[in-house]
Amino acid sequence: MKWDRDLKTGLALVLVLASLPWWALTTSYAMGIGITALTFVALALAWNLISGIGGQLSLGHGAYFGLGAYTSSLLLIRLGVTPWIGMLAGAIVAAIFGLCLGYPSFRLKGVYFKLVTFVSALILEIICRSWSDFTGGDPGLEIPLLRHAPAMYQFASPVPYFYIILVIGSLYFLLTRWLLRSRFGYYLQALRDDQVAAEVLGVNSLWMKLAGFALSAMLTALVGTFYAQYLLFIDPVSTFGMFVSVKIALSSIVGGAGTLWGPVIGGLFLIPVAELGNAQFAGTLTGVDVVLYSVVLILTAIFLPRGLVSLPEFIRVKRREMERMKAPPQPAS
Amino acid sequence: MTQFLQAIVSGILVGGVLGLVSMGLSLVFGVVRIVNFAHGELVMLAMYGTYLLYTAVRIPPPFSILIVAPLLFAFGVLLYRVLFEPVVLGSTELLPQLSLTVGISFALQTIAQWVFSPTQRSIQMSWTTTYYDVGEVFINQAQVIAFLVSLVVSLLLWLFLARTDLGRAMRAIVDDREVAQMMGINSRRIYAIAVGTSAALAAVGGNILMTYYPTFPHVGLQFLPLAFVAVVMGGMGNVLGAFLGGIIVGIVQQVTGVYVAFQLQNAGLLLVFIAVLLLRPSGLFGKEGSL
């Protein structure tokens, strides 16, 4: 592994984040924001593999998040299987669902694929709500409280969860970095940029997309299990719900879809901004977080269509424009 | 049999209003190439507007359409000029328009929550609870009126698209925007009018829905997925197809609700949706390769 700038910056960021519980995230409220932000970093990185790098825009990643959360939780509650194994089962279930959905629908063009994925998560949500004998239905599932039981993926304080999700996020980052310069990653990017040209050059588009989709689904499901164990409670809306799907996609898009750093920046920026707004106006106005969140969405869509990662470039271009305005007109030669 | 007829009739009646809302979504997609995730919130705004007009100045729906629809038309034009245009003219990419319209949707919901509180609001008209009894099939009077209004407005829209220069220009842009622009069609103006018209359609839908459905800040989310399904079934960008799509959605929903399980009515619908897409990727009434 070559020690390039991405790796060095990544390592520095991980070290800073790892130190946060010692000095910044000292209240349980702040800790909660930290864990949620890192969760969305991991989810956005997983989404980015197929939707950003592969260009197959999914608006239904809540489906895989929920399948991960529910598979491991049901295995734990019904059969007493530790979530460490349950999360692998969840990843397999998610991959199978992704393959079954992707195989027929990858033939569809852009917008249709987006809508099929969106609808697939809604279907799972409805099934999960109405099949209450098995899934617990609308009231949700509570995971039995064991307090400190590392073997059962349960800890008495939130700090271990923080480090677990930090490790997961870092691994996903490394995976993305590897993928961006691997043969598989180049195939996916080629399919995104020009599918016909890629196919003519011999890329098997269906298999590449399916592999990317299954991988993305599995990584999302693993985070689903993590989140279930962290909250010790899941319900259909907070896992399969359309907000979950949309938030996963938006974290990556706002940061910069298809890039290595975009999902990291998007997750680390969007979640805390929204939460801080809430803390500022606590008690007077509810929903300030949502408004701040939407303002960020609208502003990035208008000014930084390629995401926050393109901010330095945006500033450079603006500065050059300013200089050109100030500089005296060049005499024509 | 009566049960089946009942399901079909209610499906058509409810589906007509949904069809109207879906036509607006389809129009914006066809003309401006935006999948507007904030379309449900336009319906929500119209429902609150109707509610206020009725409770404050006693103007009942459907007559308040004459106030609500122009207001939403203006709102739509403003929405286009201020927010959509910088994103649409910059690029044809899907990603920025997704964050844009989702952002608008979230913001409108929260603002509605601040202004109107999360409480459900409804208005009681004399016909909300009146039923016609046609050979053992019960037909709600409010739903009949709503359906008739939807039908009339859809016909007006069809006339507008088929017979006026503006409507023809819109269809030209849907078919081939580059050629349309070369023929001298001012697309910026057309886009603004299309978004305005779409918002006005949502306004009519919201107005008549208010006679039998309560409003709350997140009410738009109830209609958005259904409208997507209707639009796709009709063939994206096929505006009249979206109306028929809405009616199909209504029927499938009601039939699943009666014969399978009430909670599963949307699951049945969404499965039909995926099946339709896989068998006919350009929708039931879409032209092959229209996209």
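**Entry 1: what I am looking at.** I note at the outset that this is a predicted model. I began with chain B and counted 11 helices and two strands. Following the sequence, I wrote down the order α-α-α-α-β-β-α-α-α-α-α-α-α. Next I looked up the radius of gyration of chain B, which is 19 Å; the globule rule also gives 19 Å for 291 residues, so chain B is as compact as a globular protein of that length. Along the principal axes, the C-alpha atoms of chain B fill a box of roughly 60 × 45 × 35 Å.

**Entry 2: the inside of chain B.** I found that 55% of the 291 residues in chain B are buried. I then turned to contacts in chain B with a separation of 6 or more, and 78% of them join residues 24 or more positions apart.

**Entry 3: a helix pair.** How do H1(B) and H9(B) pack? Helix H1 of chain B covers residues 2-32 and helix H9 of chain B covers residues 220-234; their axes lie 8 Å apart, at an angle of about 70°. I count angles of 65 to 115 degrees as roughly perpendicular, and H1(B) and H9(B) are therefore roughly perpendicular to each other. I noted their crossing as right-handed. On the H1(B) side, the residues that meet H9(B) include B:Leu18, B:Gly19, B:Leu25 and B:Phe29. On the H9(B) side, I listed B:Phe223, B:Leu226 and B:Ala230 among them. Sorting the residues of this contact gave me nine nonpolar, four polar and no charged.

**Entry 4: where the chains touch.** I found 39 residues of chain B in contact with 35 residues of chain A. Helices H3 (65-90), H4 (94-116), H9 and H11 (265-279) of chain B each supply at least two residues to the side that touches chain A. Which helix gives the most to that side of chain B? I see that H4(B) does, with 15 residues. The side of chain B that touches chain A divides into 29 nonpolar residues, nine polar and one charged.

**Entry 5: one glycine in chain A.** I located A:Gly185 in helix H8 (residues 183-193) of chain A.

Definitions and conventions:
Residues are numbered from 1 along each chain as its sequence is written. Chains are lettered from A and ligands numbered from 1 in the order in which they are written. This is a predicted model: local features need pLDDT of at least 70, side-chain atom pairs count only at pLDDT 80 or more; totals for chains, interfaces and linings use all residues. Axes are lines fitted to C-alpha atoms, for helices over the stretch in contact, and angles run from 0 to 180 degrees between N-to-C directions. Helices (H or I, at least four residues) and strands (E, at least two) are DSSP runs, numbered from the N terminus. Angles under 35 degrees count as roughly parallel, over 145 as roughly antiparallel, 65 to 115 as roughly perpendicular and the rest as oblique. A crossing is left-handed if the near helix is turned anticlockwise from the far one by less than a right angle, and right-handed if clockwise. Two residues are in contact if their C-beta atoms, placed from the backbone, lie within 7 Å. Ala, Val, Leu, Ile, Met, Phe, Trp, Tyr, Cys and Pro count as nonpolar, Asp, Glu, Lys and Arg as charged, and the others, Gly among them, as polar. The radius of gyration is taken over C-alpha atoms; the globule rule is 2.2 Å times the number of residues to the power 0.38. A residue is buried if 20 or more other C-beta atoms lie within 10 Å of its own, exposed if 12 or fewer, and partly exposed in between; C-beta atoms are placed from the backbone.
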